[in-house]
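Have the viewer open and follow along.

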Amino acid sequence: MSQKFVYEHPRIKTNTVENIFAKFESKAFPLIDGLIYEIENNYENKQSIIGLMQTIKSIIPYVLLFYFRSGALLKEYSMDAEEPKNTKVERMLLNIMDVNYIRGLKDTICNYYKCGIIVDEKERFLLSDQYVSTVALMYKNRFSNASNRQIGMKETMILIPLTLKFYIVFYNGRIPSYIEENMFSVLNDDSVDEINNVIFQNSYVKCVGKSESELERVKSVPIESYSPIKCIMKYSDGSIQDRIIKREVFLYDEDKDMNAHSYEYMSTYVKDIKGKLGRNDVCVCGSGIKYKKCCMKKYETAARILRVTQNPRMQNYTIPGVWVTEDSILEYQGPQEKITNRHDKGVIEKIFEMTESDTQNP
């Protein structure tokens, strides 16, 4: 899922990048085809996937290359750029040509995630324009430099497409009950819907599949935002950091709710619950039900997030032992006066004018 000339750049000889990708593909596709053949045989014989793990791990570097050159990532690379066609190629190459970064992410996935293969015998799995789909299995916090679903974060799941029938799943944390470690997990219709919802929510421009009815169904799946998120921070020394962060995608409804209302829940916890409300008291929401049987779980989650936010020593969101995590796209870092992107410069000036005005007129 790409577009014509998408990898061309005026400072690079025509087709240079395409030729590099062709070399990668000539090595990757035979490996992937061989893996699919092995999977079909193991699945039919109802064997575990343990004997396939070496082959699965061997395709991960190529999977990452396909991911970083995908249509969705190209959209992230070019967000708000003044020369989007050139900028997206430059940022893509910075990721793909960083051998240590690719190797580090490969080691993170292979060594710190558990693995399984999910199966849809009706062949309705979709494919995101992000190629690899990621999803958060727990709401952790609002981040200025990452999403809850970055590779290497705790409580995340990575979905790697093989065919319309098979997806490789790498996961850390509370997976749904229909996925089993080191095994083939045959999904029912509801489970396929849940996985396809996530794949669709990973897409920025395109999502494809063989089942027309499934593609029609996902059109009604809500998406938090239709673009990546821009995060601009100003530090105490006056410097600016400008990042592009992928949209949030959560598997579980309670995490979607927490993502939408975390500030509200933290405020209510501090104002009406902390030190004031017991487990057996009537819930603050007005339901008339005891707190422990009503909203306690979500407010305890909000309290945990608040404690972590206030205590930097508790802010460890990466999987223990991981030394490389997926990084968001850094557009600019440095003094405010040296920003060259006119759009971002105007936004930053407007934001800080409003901030200064609010400070002076409380």
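What follows goes from the sheet to the helices laid across it, and then on to helix pairs and an aromatic contact. Keep in mind that this is a predicted model.

Start with the sheet. It is open, has 5 strands in the order E3-E4-E5-E1-E6, and its pairing is mixed. The edges belong to strand E3 (133-136) and strand E6 (184-186); each has a single partner strand, so one side of each is left without a neighbour in the sheet. Going from one strand to the next, the twist averages 25°. For a look at one pairing, pick strand E1 (residues 114-119) and E6: they run parallel and are joined by 3 bridges. Within E6, Ser185 is the residue that stands opposite Ile118.

H2 lies across E1, strand E4 (156-161) and strand E5 (166-172), and its direction makes about 90° with E5. Helix H6 (residues 189-202) lies across E1, E3, E4 and E5, running at about 110° to E3.

How do helices pack on each other here? Two packed helices are described by the angle between their axes and the distance between the axes. For helix H2 (residues 53-68) and helix H5 (residues 99-112), the angle is about 125° and the axes are 9 Å apart. H2 and H5 are therefore oblique to each other, and H2 passes H5 in a right-handed crossing. On the H2 side, the contact is made by Lys57, Ile60, Pro61, Leu64, Leu65 and Phe68, while H5 brings Tyr101, Ile102, Leu105, Lys106, Ile109 and Cys110. Sorted by class, that contact of H2 with H5 has 10 nonpolar residues, no polar ones and 2 charged ones.

Helix H1 (residues 16-44) and helix H4 (residues 84-96) give another pair, with an angle of about 35° and axes 13 Å apart. The crossing of H1 and H4 is left-handed. Here Val17, Phe21 and Phe24 from H1 meet Met92, Leu93 and Ile96 from H4. By class, the H1 contact with H4 has 6 nonpolar residues, with no polar and no charged ones.

Finally, the rings. Searching the whole structure turns up 12 aromatic pairs. Among them, Phe66 and Tyr131 have ring centres 5.7 Å apart and planes at 90°, so this pair is edge-to-face. The pair links distant parts of the chain, 65 residues apart: Phe66 sits in helix H2, and Tyr131 in the loop between strand E2 (127-128) and E3.

Conventions
Residues numbered from 1 in each chain as written. Predicted model: local features only at pLDDT ≥ 70, side-chain atom pairs only at ≥ 80, totals over all residues. Heavy atoms only, no water. Axes fitted to C-alpha atoms, helices over the stretch in contact; angles between N-to-C directions. Helix = DSSP H or I, 4+ residues; strand = E, 2+ residues; numbered from the N terminus. Parallel < 35°, antiparallel > 145°, perpendicular 65-115°, else oblique. Left-handed = near helix turned anticlockwise from the far one by under 90°. Contact = heavy atoms within 4.5 Å. Nonpolar A, V, L, I, M, F, W, Y, C, P; charged D, E, K, R; others polar. Pairing = 2+ DSSP bridges. Phe/Tyr/Trp six-rings, centres within 6.5 Å; stacked < 30°, edge-to-face > 60°.
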